[in-house]
Amino acid sequence: MKNKETDSEISALIKQTLEGYQEDYIQGSWENFVLKKKNKKRRIIWLISSGIAASIMVGILIFNLSNPVVKNDLLKNKQQAANKAIPDLFSTKKDTLTKLTAGLIPVKRKCSLKPIATSLYRMDLSGNHDAGTANTFYQTTNSPNDSVTITPNPKKTSDPAKGKTASKPIYFSPADDDQVVAAGSKRKVRFGVDFSPGINATQSASSFNFSGGITADIPVYSNFQFSTGLQLENQSIISNGPQISTSGPANQSKANLMNLDLPLNLTWRFFSNKLKCYYLSAGVSSLAYFKQDYQNTSYSQQLVAVSSLVGGHEIISYNIVNVASTTQNLVTPFRTFDFAGRLNFLLGLEQQLSPKLFLHFEPYLKIPVSGLATENLKYISSGVTFKISF
Amino acid sequence: MAGTKLDDLDDVIRGCLQKVEKSQEMLYKKFFGYALSVALIYTNQRNDAFEVVDDSFVKVFAEIEKYDPSQPFLGWLRKIVINTSIDYFRRNQKRNLMVDAETQHIHDHSPNAISNLTARDIIDLLNHLPNDHKKVFCLYEIDGFSHEEIARELEISESSSRVYLTRAKKQLRELFPVYFKTNHEE
């Protein structure tokens, strides 16, 4: 009984003391609230947009890989390209043909692509498209897996040039369809220009960046190529420091950088047809800075006296205000160079616009290996590169 | 005068409905202190209270059209701050458990005598209770929630709510003399 009374006394006391209790407004709270809201909004927008971009890319990729129509188109394109390549090959002079046959080995497997085989059967060495000549076909040593193999015809080849039957096999190198397609433009170094807007994100804030420049894609082997170039980047990196007062704005460091970026990436083209190509690229970037402008803003709270007249009497009250102080540091150009300072990752889509013009769409992520620039900044860059190559 | 103030608030709310930033700023500045005082009761640390206040105002501005002008604005705001505090507590439950363990033994405040108690003394005293007990006590004793409502808000059973309240009261009974002993002796 006594406990119950004590409990209600304590409860009443607590209730009574807290009744009408109200803290004062703390200067700078609204500004801090607005800043927080903006950062949150920016982060959400970026997350949504990158999510949408990634979903679209994955969607297109899945659609292309699973759609039988696209698959058939791809096969047709390859066959057409192979068919086109064959007459060119056979219309060459004998010595040219002999050169072409160098380094080839005989194929002993059964035919897997009939249309190509048929077109081959209709040709003889002079380039006439007559049927019924006997051939043994050969395949390049470069591509043993993707071979186009043809059942040998037991009949002997008649050589119209010499007027007698040829007993030696005819050498032919159509084997890898990819190589046939690549015979033209794929093997060339492709140059391009690009522009990429993006976002630099530190642990506490994010800001916009943009860059642009020239690129070069150098084929190295099969579906692999080196991608390099020279990019001019304009970056702003914002980082909020620890808050001294919980109500005031946090200290802020802002860096405005202008630098050259020399990327060296290895690109793997994992899906391609006549019009489209998807690729993954990874590598490193070296950075040279020709403008580094650092601004550090710190906030402190000070008491400021405010006098007012009430009923003819001067009343002095004190307000807490946030006082900002900013220091600036400009670094001389090309003082800092980050060799292989950043890792690059990108997923790309290449779309053919005309026979020699390609549009690239490349969402990317750049991660620092260590602190970058003079003040060892750590930030992740992400965005989308739009590129035209030719 | 009171009528003028009410009109002012109506204007401010109307502005907030139209997403006018100046009106939002006025509303924020006007009710910041009140929201902070409520948040301080329901959170253990001042930093957390600031977070709760900001999150609450985000909700207020986003859902201001749901506010019924025939009801007092302070009541609506209080409910939002309480709900936000509970959500915040739930989100940071792991961290709160660690802070609880650390703060149980910290006694860095010299409270006033009982006759002279301030709100801050009471808040400090309440912070000595385990989080669940404190929340149930505040919701029941200060904000007049029923056990059914508390159970719904905190996602616990009604019987748990009753048990927590009894334990909170018992702890306060024990804490009160210990906590204010120093001042009585002075």
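The term salt bridge stands for a side-chain nitrogen of Lys or Arg within 4 Å of a carboxyl oxygen of Asp or Glu. Because the two residues are 3 apart in helix α1 (residues 2–17), about one helical turn separates B:Asp11 from B:Arg14. Helices (H or I, at least four residues) and strands (E, at least two) are DSSP runs, numbered from the N terminus. B:Asp11 is partly exposed, at 43% relative accessibility, and B:Arg14 is partly exposed as well, at 46%. Here buried means under 20% relative accessible area, exposed means over 50%, and partly exposed lies in between (1.4 Å probe, protein chains only).

A second salt bridge of chain B pairs B:Glu155 with B:Arg90, with 3.7 Å between the closest N and O atoms. B:Glu155 lies in the loop between α8 (147–154) and α9 of chain B, while B:Arg90 belongs to helix α4 (residues 73–91), so the pair ties together parts that are 65 residues apart in sequence. B:Glu155 is exposed, with a relative accessible area of 59%, and B:Arg90 counts as partly exposed at 30%.

Salt bridges that share partners also occur in chain A, where A:Glu233, A:Asp261, A:Arg342 and A:Lys366 are joined into one network. Over all chains, the search of the whole structure finds 22 salt bridges. One of them links A:Lys387 to A:Asp217, the closest N and O atoms lying 3.3 Å apart. Since A:Lys387 is in strand β13 (residues 380–389) and A:Asp217 in strand β6 (residues 206–221) of chain A, this pair ties together parts that are 170 residues apart in sequence. Both A:Lys387 and A:Asp217 are buried.

Chain B holds 10 helices and 0 strands, and its pattern along the sequence reads α-α-α-α-α-α-α-α-α-α. Of its 186 residues, 48% count as buried. Contact means heavy atoms within 4.5 Å. Among the contacts in chain B with a separation of 6 or more, 67% are between residues 24 or more positions apart. Chain A, by comparison, comes to 6 helices and 13 strands. It has 390 residues, of which 38% count as buried. For contacts in chain A between residues at least 6 apart in sequence, 66% join residues at least 24 apart.

The meeting of the two chains involves 36 residues of chain B in contact with 24 residues of chain A. About 2,800 Å² is buried between chain B and chain A, with carbon and sulfur atoms giving 69% of that area. Buried area is the accessible area (1.4 Å probe) that two parts lose on being put together, summed over both. The rule finds 5 salt bridges across this interface. In one between B:Arg120 and A:Glu23, the closest N and O atoms are 3.0 Å apart. There are also 7 residue pairs in polar contact between chain B and chain A (both at pLDDT 80 or more). A polar contact is a pair of N or O atoms within 3.5 Å; within protein, one must be able to donate a hydrogen and the other to accept it, and residues adjacent in sequence count only if both atoms are side-chain atoms.

On the side of chain B that touches chain A, the elements giving two or more residues are α2 (21–42), α3 (46–62), α6 (119–126), α7 (131–142) and α9 (158–179). Helix α2(B) gives the most, with 13 residues. The residues of this side divide into 20 nonpolar, 5 polar and 11 charged. In this count Ala, Val, Leu, Ile, Met, Phe, Trp, Tyr, Cys and Pro are nonpolar, Asp, Glu, Lys and Arg are charged, and the others, Gly among them, are polar.

Some single residues complete the picture. A:Ser29 sits in helix α2 (residues 29–66) of chain A and is buried, with a relative accessible area of 3%. A polar atom of the A:Ser29 side chain lies 2.6 Å from the backbone oxygen of A:Ile26. Two cysteines are also buried: A:Cys277 at 1% relative accessibility and B:Cys16 at 0%. The structure holds 0 disulfides over all chains, a disulfide being a pair of cysteine sulfur atoms within 2.5 Å.

Residues are numbered from 1 along each chain as its sequence is written, and chains are lettered from A and ligands numbered from 1 in the order in which they are written. In this predicted model local features need pLDDT of at least 70 and side-chain atom pairs count only at pLDDT 80 or more, whereas totals for chains, interfaces and linings use all residues; side-chain values use heavy atoms, with hydrogens and water left out.
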